[in-house]
Amino acid sequence: MPNFLIIIVLYTFFTVMEKSVAVLVLIVLMLNGALFLFFFNSSDGTGNVSFAHSGPAFPCDVRAGLSSFPFCSPSLTVGDRVKDLIGRLTLQEKVQQLVNAASAVPRLGIPAYNWRSEALHGVSNAGPGTRFGGRVPGATSFPQVILTAASFNASLWEAIGQVVSTEARAMHNVGLAGLTFWSPNVNIFRDPRWGRGQETPGEDPVLTAKYASSYVRGLQDTDGSDSNRLKVASCCKHYTAYDLDNWNGVQSDTFDAKVTLQDLEDTFNPPFKSCVLDGNVASVMCSYNKVNGVPTCADKDLLRGTIRGEWKLNGYIVSDCDSVDVLYNSQHYASTPEDAVADVIKAGLDLDCGSFLGKYTESAVKAGKVDESLLDQALVNTFTTLMRLGWFDGDPANQPYGNLGPKDVCTEKHQELALDAARQGIVLLKNDGTLPLAANKISSLAVVGPNANATKVMIGDYEGIPCKYTTPLQGLSAYSSILYAPGCANVACAGNGFLGAAVKAATEADATVLIVGGDQTLETEGRDRISLLLPGQQQQLVSEVANASKGPVVLVIMSGGPCDISFAKDEDKIAGIIWVGYPGQAGGIAIADVIFGRYNPAFVLSGGRLPMTWYPQEFVKIPMINMNMRPDPATGYPGRTYRFYTGKTVYMFGDGLSYTSFKYTLVQAPKLVSLPMDDKLAFAQKKSNFSCETVQITQINCQKLQMDVQVDVNNVGPRDGSHVIFLFSTPPPKHHSPKKQLLGFHKVHITSGARERVHFNVDVCKDLSIVDKAGNRNLPVGSHLFRIGDLQHSLSVQITN
């Protein structure tokens with residue numbers, strides 16, 4: 001036998017979705033008499049070379065004799081390995097590592113790598129770094145984030161992250177996914193019209209921050225003892241004050257958000273801060289928009305100052321896709337492409353999702369606009385992340401999680417968690433006592449509405465390909481025989497040609513379930529809503545079917561954003577209203593189980609609560625571009641979110657009913673917090689001559705100011721049930737403080753007749769502080785009112801000598 005063999009195979013095919021030609025190229029390497037084949041694929045629609053489905057490509061391959069470089073040695077520190085790697089790269093090679101479609105460096109055995117994968121609520125093929133097919137045709141699709149957040153269950157959020165990262169690693173091991181996932185979206189759902197509000201955990205910064213850190217830990221944390229290792233790398237986006245896509249001709253990529261320092265500190269930035277400090281996230285993404293005249297990706301104060309400097313990000317900062325190009329070509333912020341490169345690199349950007357830095361960074365360096373050492377700093381941050389992921393440790397099969405593969409995707413356990421998440425998040429908004437329906441008394445059920453037989457609608461945007469779908473129609477058919485009539489051709493509901501059949505079904509059935517709402521044609525990235533009413537003639541459909549129904553009517557709202565359904569809230573013919581968000585692949589089962597009150601074992605986790613305010617239609621008169629959170633009585637501006645909004649509501653943040661009843665008893669809560677007048681506080685008082693109405697927390701010894709609030713929760717109703725307990729506080733009215741603010745929440749399951757004690761750990765400086773106009777956190781002196789359901793408790797904060 002000769003010591004080498006040359007094989008050339010040409011293999012082409014058209015993909016179903018993209019109709020692009022895939023090219024299989026065999027590269028023959030002869031090292032130490034061995035033959036190694038590397039497979040490349042250009043069918044991802046990007047024009048970039050990435051590794052094909054046959055298996056993962058990786059650096060430091062022992063078989064190819066490419067593991068002798070110091071950067072390949074796990075025995076060295078990460079810092080030393082990164083330094084060695086960067087020192088071997090030419091300027092041209094460095095530049096091509098600054099973009100998401102990073103080029104291969106064949107002479108060092110480094111394959112191409114696409115940084116952009118998505119995992120908002122399951123592994124997604126929305127980014128070119130991940131694709132489905134062959135051995136992995138789909139992945140577990142959890143509910144869209146807004147519904148998962150409605151569970152108010154932090155342990156659930158972390159568990160979902162763990163499942164998603166397991167499936168991501170499994171796909172990586174067979175060459176179908178990368179290791180860097182640009183999720184979650186932790187922007188504040190400030191305006192109910194925002195098309196991407198569905199991707200967020202809601203309108204409250206405490207809720208969003210808790211979701212962010214929980215999901216990030218679920219994605220990133222490993223099973224080993226090395227806290228610096230990553231299972232996958234998460235990314236919190238879009239930093240900051242990003243919550244408008246396309247409203248009245250104003251688009252996200254050119255919008256200049258005018259935001260006060262006060263609102264930045266107490267509303268928009270806390271979720272990102274929690275990502276970094278509590279979740280140890282590996283990446284933060286800067287957004288398209290400007291903030292106060294400066295593109296966020298070119299804002300040195302926001303990037304180097306806050307993320308890198310104040311919060312100490314252990315990772316990299318990436319741009320939203322093509323936002324560097326937008327900065328130059330659409331926002332006209334820089335005079336030349338090279339100036340744009342200098343602006344973002346000097347501000348602290350490490351990676352460009354796009355091609356702009358790949359085209360113009362070399363010329364920017366040669367023109368003296370950017371020092372090459374700044375490129376090296378950026379590469380330290382990105383390569384360190386890849387080192388933490390084990391990317392430079394050789395064959396992933398020989399690493400932690402190397403045993404994962406297609407068998408670990410769409411497992412029964414994972415799919416059951418997706419169903420459980422939907423059940424936990426679904427919110428019961430109205431119940432006249434009819435719900436849950438008794439299956440033994442419902443021999444026929446009319447199922448009506450444009451979302452009654454929904455499949456893809458249920459998984460929202462930034463979705464992947466689910467393991468399977470169970471539609472609402474299929475879920476409800478497990479409980480009763482079905483009379484199905486869509487009522488409308490689609491959610492636009494432009495005509496009433498289907499109305500007659502829907503009315504007829506309702507007149508014949510023992511009960512009627514109407515499933516209406518929205519879909520991605522109405523709310524998604526690039527598409528903000530123009531109305532809060534049900535689309536088209538859906539309201540007419542609901543009213544006429546309800547009036548004709550022989551039995552009780554249950555209205556199900558499937559939507560990402562809130563809807564003005566005041567007509568149904570006040571309609572006696574409608575016995576119950578349920579909001580189901582976009583409930584994921586198992587949404588149909590979850591909807592049916594909640595309606596019929598069945599859950600194995602014998603209870604339903606119907607404890608979801610609204611994570612956002614539901615406003616009346618009149619709210620659409622308020623311009624989306626007004627970023628102020630606080631109301632302005634002089635102009636009639638009502639403010640935004642439950643913390644500041646002074647107008648009418650349809651439903652409020654935190655609303656949600658149960659099939660059982662709960663009673664609270666306050667067990668423990670302090671009545672007084674004393675701030676000793678030590679030398680530091682006395683000096684600050686003398687220097688600033690403040691009136692002792694508020695004290696900056698930098699002047700307080702905060703470490704000792706912790707308290708334990710204890711509440712007994714009794715299930716006094718006839719059913720077992722799950723329940724969310726909120727602790728709110730109303731601070732003294734200083735610095736335009738919130739009307740009330742969320743301090744914490746817990747979700748508990750309590751059997752009928754039982755009691756559970758719930759503990760809230762309150763950090764006085766963090767939880768009870770408010771923000772002044774300069775963006776400084778202050779602790780108000782005076783009475784703070786705690787609210788837990790109907791309970792109220794006054795806590796006095798005083799300065800003592």
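Reply: Two residues are in contact when heavy atoms of theirs lie within 4.5 Å. The model is a predicted one. Setting aside neighbours within four places in sequence, S480 is in contact with I442, S443, S444 and L445. As for its place in the chain, S480 is in the loop that runs between α14 (472-477) and β17 (481-485). Residues under 20% relative accessible area count as buried. S480 has 9% relative accessibility, so S480 is buried.

Strand β24 (residues 706-715) is mostly covered, with seven of its 10 residues buried. β24 pairs with strand β21 (residues 662-668) through six bridges, in the antiparallel sense; V713 of β24 is the bridge partner of Y664. β24 also pairs with strand β27 (residues 755-763), again antiparallel, over nine bridges, and here V709 stands opposite F760.

Helix α10 (residues 337-347) packs against helix α11 (residues 356-366) at an angle of about 100°, and their axes are 8 Å apart. Angles of 65 to 115 degrees count as roughly perpendicular, so α10 and α11 are roughly perpendicular to each other. The contact is made by P337, E338, A340, V341, V344 and I345 of α10, together with F356, L357, Y360, T361, S363 and A364 of α11. By type, the residues of this contact are nine nonpolar, two polar and one charged.

Methods
Residues numbered from 1 in each chain as written. Predicted model: local features only at pLDDT ≥ 70, side-chain atom pairs only at ≥ 80, totals over all residues. Heavy atoms only, no water. Helix = DSSP H or I, 4+ residues; strand = E, 2+ residues; numbered from the N terminus. Buried < 20%, exposed > 50% of the residue type's maximum accessible area, 1.4 Å probe, protein only. Axes fitted to C-alpha atoms, helices over the stretch in contact; angles between N-to-C directions. Parallel < 35°, antiparallel > 145°, perpendicular 65-115°, else oblique. Nonpolar A, V, L, I, M, F, W, Y, C, P; charged D, E, K, R; others polar. Pairing = 2+ DSSP bridges.
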